[in-house]
Amino acid sequence: MKYLDEYRDPAMAHDLIERIKDLSASINRKTRFMEVCGSHTVAIYKAGIKSLFPNLDLISGPGCPVCVTSSRDIDQIIRLAELPGIIVATFGDMIRVPGTTSSLQDEISRGAKVSVVYSPLDALEIARENQAKKVVFLAVGFETTAPTIAATILQAEREGVRNFSILSYHKLIPPAMKALLAEDEVRIDGFLCPGHVSAIIGSTPYEFIPKEYHIPAVIAGFEPLDILQALFMLLMQIKENRPAVEIQYSRVVRPEGNPGAMKKLWQVFQPADATWRGLGVIPESGLVLRQEFAHYDASLQFDLSVEERADPPGCQCGQVLKGLQRPTDCPLFGRVCNPQQPIGPCMVSSEGSCAAAYKYGRS
Amino acid sequence: MCIAVPCQIVAIHDSTAIVEVGGVRKEAWLDLLTEAKVGDYVIVHAGYAIQKVDAENAEQTLRLLREMLEREGDNQ
Ligand code: SF4
């Protein structure tokens, strides 16, 4: 397929791997790079890149939107599903995430109405078809997803659909990177920045990384050659001591991102503090609906108050999301916790580090 | 949630495109990429086209990468 096969060329990959090995060996210490995108996590495991380089430590960060959703938010979602007259519309990954006492899947077996959708527009369609019900879409995702939900809300407004609303659990990536860098225990020598978040926000929001923390950041694509080239670019920056934001995935990411999509995003949402699993509250790292669109805010329409409870006992998702532990370091990994019976969200989502480590079997 | 696979636009009606990838056709909304044209390759996320794939840039990146690897090969 076009734009895929040429980025999987085995001969070029082989040459690049050799170059990366030489380059990383010439830097006199072990280098730690973090990817902050679930699709990168999966791509890295799948291509077997994780364990290729003895001098490179590739760690996963908080790049899976479902995984970073807090236990309290999951409990709120369960609470919503229990209410009469509600249809919950969601991306598939949310269905099996365990809350404190149940999951959406458990609620379905108790009679809750939950629809898995591929696009927020499908949720709007369900609202049009079920006028007597209230359809609530679970808005989980990063900057790639937020504009699609903003556009759907603008569409709902144009059509005057009133039985549609959202729970906004959106998260923003650059504030999370900033919070990670500010933590003393986390050591990162460079970031592999998410390709499709950057397709929307562009490269400028990452400028603080080289400026304030003097480490490189490279926006990467998702094919094996993309990731290898991005690793090479990160190492070159370290070798030549010139930390900067560079775009490897330049066939899709422009420095200015997608200004039209950003305009829609900010027309509908405004930044707000948000709670991340493992990372706690990060200032201005979430999105809430602006006052003009408050009638689409399900959290204002329904009583979703839940008790504050801890994350599942023994689950190391929080540490995994910060890159402080590998999935295989978790005592529950593979035995008690597996994709059939997940304990934490990192084992549920197809983009979660634990699910990827389990599926591709490499640490 | 994210399909990283570039899809080609084969038709556009109002703000909806028909895109094709690997012989499969589906709809993609163009509200976030109003400048997209028939023939363009686009990235589709949650039903919306979010960015165009720049054909010239794609070729150039690969060419530069190939040149770099060859150059290094000669040095060894
Ligand atoms: S293996 Fe399971 S219990 Fe352990 S961190 Fe991952 S999701 Fe949590």
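How many residues of chain B are in contact with chain A, and how many of chain A with chain B? Colour the two chains separately and look where they meet: 36 residues of chain B touch 45 residues of chain A. Keep in mind along the way that this is a predicted model.

**Stop 1: where the chains meet**

Stay with that interface for a moment. Chain B and chain A bury about 3,500 Å² between them, and 66% of that is on carbon and sulfur atoms. One salt bridge is found across this interface. To see it, select Asp31(B) and Arg158(A), whose side chains meet at 3.7 Å, N to O. Arg158(A) belongs to helix α6 (residues 146-159) of chain A, while Asp31(B) sits in the loop between β3 and β4 (41-45) of chain B, so the pair joins two chains. Are the two partners buried or exposed? Arg158(A) is exposed, at 57% relative accessibility, but Asp31(B) is buried, at 14%.

**Stop 2: around chain B**

Chain B has five strands and one helix, and from the N terminus they run β-β-β-β-β-α. Of its 76 residues, 43% count as buried.

Select Trp29(B) and Tyr48(B) next. Their rings form a tilted aromatic pair, 6.2 Å centre to centre with 45° between the planes. Trp29(B) is in strand β3 (residues 24-29) and Tyr48(B) in strand β5 (residues 48-52), so to speak two distant parts of the chain linked by one pair, 19 residues apart. Tyr48(B) is buried, with a relative accessible area of 1%.

**Stop 3: the nonpolar cores**

Bring chain A back. Which residues touch the most other members of the largest nonpolar core? Select Phe137(A), Phe164(A), Phe191(A) and Leu231(A): they do, in a core of 145 residues. Helix α10(A) supplies the largest share, ten residues.

Zoom in on Phe164(A). Beyond its neighbours within four places in sequence, Phe164(A) is in contact with residues including Ala123(A), Leu124(A), Phe137(A), Ile153(A) and Tyr296(A). Another core of twelve residues lies apart from the largest one, and among its members are Ala17(B), Val19(B), Leu30(B) and Ala36(B).

**Stop 4: a buried helix**

Select residues 173-182 of chain A, which is helix α7. Seven of its ten residues are buried, so the helix is largely enclosed by the rest of the structure. Those seven are Ile173(A), Pro174(A), Pro175(A), Ala176(A), Met177(A), Leu180(A) and Leu181(A). What covers them includes β1 (31-35), β7 (190-193), α8 (195-201) and β11 (280-289) of chain A.

**Stop 5: rings and charges**

Pick Phe222(A) and Tyr249(A). Their ring centres are 5.8 Å apart and their planes are at 90°, so the pair is edge-to-face. Phe222(A) is in the loop between β8 (217-219) and α10 (224-239), and Tyr249(A) is in the loop between β9 (245-247) and α11 (259-268), 27 residues apart. Both are buried.

Glu223(A) lies in that loop between β8 and α10 of chain A. Glu223(A) is buried too, at 8% relative accessibility. Leaving aside neighbours within four places in sequence, its contacts are Leu4(A), Tyr7(A) and Arg8(A). Follow Tyr7(A) from there: the charged end of Arg251(A) sits over its ring, 3.6 Å from the centre.

**Stop 6**

The whole structure holds 19 salt bridges over all chains. Glu185(A) is in the loop between α7 and β7, and Lys322(A) in the loop between α13 (317-321) and α14 (353-360), so the pair ties together parts 137 residues apart in sequence. Glu185(A) is partly exposed, at 49%, whereas Lys322(A) is buried, at 9%.

Within it, the side chains of Arg187(A) and Asp189(A) meet at 2.8 Å, N to O. Arg187(A) is partly exposed, at 42% relative accessibility, while Asp189(A) is buried, at 9%.

Methods
Residues numbered from 1 in each chain as written. Chains lettered and ligands numbered in written order. Predicted model: local features only at pLDDT ≥ 70, side-chain atom pairs only at ≥ 80, totals over all residues. Heavy atoms only, no water. Phe/Tyr/Trp six-rings, centres within 6.5 Å; stacked < 30°, edge-to-face > 60°. Helix = DSSP H or I, 4+ residues; strand = E, 2+ residues; numbered from the N terminus. Buried < 20%, exposed > 50% of the residue type's maximum accessible area, 1.4 Å probe, protein only. Lys NZ or Arg CZ within 6 Å of the ring centre and 35° of its normal. Core = buried A, V, L, I, M, F, W, Y, C linked by side-chain atoms within 4.5 Å. Contact = heavy atoms within 4.5 Å. Buried area = accessible area lost by both parts, 1.4 Å probe. Salt bridge = Lys/Arg side-chain N within 4 Å of Asp/Glu carboxyl O.
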